Amino acid sequence: METVNIHQAKTNLSRLLSRVELGEEIVIANRGTPIAKLVPFRISLERRSSLGKDQGKFTVPDDFNAPLPEEILVAFEGGME
């Protein structure tokens, strides 16, 4: 459970509420003293069910982390003209 101060909560309220909607609880503190806790009114099943929806539809090739071919590296570095 994360604790944020009042200024952070006011500045990032939308982001904090998105996290709370997914089930996270966040404590709001005033000078380090907890004064409130943001908890989900209800967990959004729609948002939660969209996580991992494409699992198994994509595969990562075995050579994913292999170095790129020289001509591609040159193109990225702006050497091709």
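Ile 72 lies in helix α4, which spans residues 70-76; helices (H or I, at least four residues) and strands (E, at least two) are DSSP runs, numbered from the N terminus. The model is a predicted one, in which local features need pLDDT of at least 70 and side-chain atom pairs count only at pLDDT 80 or more, whereas totals for chains, interfaces and linings use all residues. Residues are numbered from 1 along each chain as its sequence is written, and side-chain values use heavy atoms, with hydrogens and water left out.

Ile 72 is partly exposed, at a relative accessible area of 34%, where buried means under 20%, exposed over 50% and partly exposed in between (1.4 Å probe, protein chains only).

Strand β2 is mostly covered, since four of its five residues are buried. Strand β1 (residues 2-5) runs parallel to β2 and is joined to it by four bridges, with Asn 5 opposite Ala 29; strands are taken to pair if DSSP finds at least two bridges between them. Five bridges link β2 to β3 in an antiparallel arrangement, in which Asn 30 stands opposite Thr 33. The hairpin of these two strands has two residues between them, and Arg 31 there takes a positive phi near 55 degrees; Arg 31 is also exposed, with a relative accessible area of 81%.

The largest nonpolar core comprises seven residues, namely Val 4, Ala 9, Leu 16, Val 20, Ile 26, Ile 28 and Leu 38, a core being a set of buried Ala, Val, Leu, Ile, Met, Phe, Trp, Tyr and Cys residues joined through side-chain atoms within 4.5 Å.
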